[in-house]
Amino acid sequence: MNPMDIALEEARAAAARGEVPVGAAVTDAAGRVLARAGNRVEERHDASAHAEMLALRAAAAASGDARLPGCTLTVTLEPCPMCAQAASFFRVKRLVFGAYDSKGGGVDHGARVYAAPSCHHTPEVVGGVREGECGALLRAFFAELRRSGTAPGPRPP
């Protein structure tokens with residue numbers, strides 16, 4: 001399974017939990033999956049529990065290193081400024097993302113973290129991978145929230 005397939009699977013699982021459907025996977029230089037995660041903000045009551053943060057932390061733990069040189073972070077949505085900066089701090093070699101986020105993105109939109117002079121490491125960035133599929137998942141999730149009048153978070157059984 002390729003990393004974007006894994007990220008999409010994690011995003012769908014996040015949506016099923018009532019989380020904003022964003023998923024991420026970290027692969028090493030050989031393409032082996034070190035970690036995968038979906039958003040768990042509501043479940044953990046933790047605003048930093050974004051898919052990228054969870055996957056990066058788990059990959060570092062799995063590799064036994066605080067940095068992830070040679071690794072690729074694949075995510076279904078353009079990372080927010082927090083997650084973009086985390087990818088820099090973890091020293092990932094490459095960041096691949098699906099849908100662009102014109103409101104909350106931190107790579108090609110908004111803060112443009114990697115363009116800041118304070119950014120110490122800039123990964124190679126590939127955006128728009130399976131953009132339509134990733135964006136459709138998010139649009140469907142938020143359309144359902146608007147239709148039902150509910151907010152993101154765990155859904156009652």
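In this predicted model, the charged side chains of the protein comprise 18 positive and 17 negative groups, and the centres of the two sets lie 0 Å apart. The accessible surface comes to about 7600 Å², and carbon and sulfur atoms account for 54% of that area. Of the 157 residues, 46% count as buried.

Turning to the fold, five helices and five strands are found, and they follow one another along the sequence in the pattern α-β-β-α-α-β-α-β-β-α. The overall dimensions can be checked against a simple expectation. A compact globule with 157 residues would have a radius of gyration near 15 Å, and the protein has 15 Å, so the two agree. Along the principal axes, the C-alpha atoms fill a box of roughly 45 × 30 × 30 Å.

Proline 69 sits in the loop that runs between α3 (51-63) and β3 (72-77). Its relative accessibility is 56%, and because the cut-off for exposed is over 50%, proline 69 counts as exposed. In the case of phenylalanine 90, the separation from proline 69 is 21 residues in sequence, while the C-alpha atoms of the pair are 7.6 Å apart in space.

Technical notes:
Residues are numbered from 1 along each chain as its sequence is written. This is a predicted model: local features need pLDDT of at least 70, side-chain atom pairs count only at pLDDT 80 or more; totals for chains, interfaces and linings use all residues. Side-chain values use heavy atoms; hydrogens and water are left out. Helices (H or I, at least four residues) and strands (E, at least two) are DSSP runs, numbered from the N terminus. The radius of gyration is taken over C-alpha atoms; the globule rule is 2.2 Å times the number of residues to the power 0.38. Buried means under 20% relative accessible area, exposed over 50%, partly exposed in between (1.4 Å probe, protein chains only). Accessible areas come from the Shrake-Rupley method with a 1.4 Å probe; for residues, only the protein chains shown count as cover. Lys and Arg count as positive and Asp and Glu as negative; His and the chain ends are not counted. The place of a charge is taken as NZ of Lys, CZ of Arg, CG of Asp or CD of Glu.
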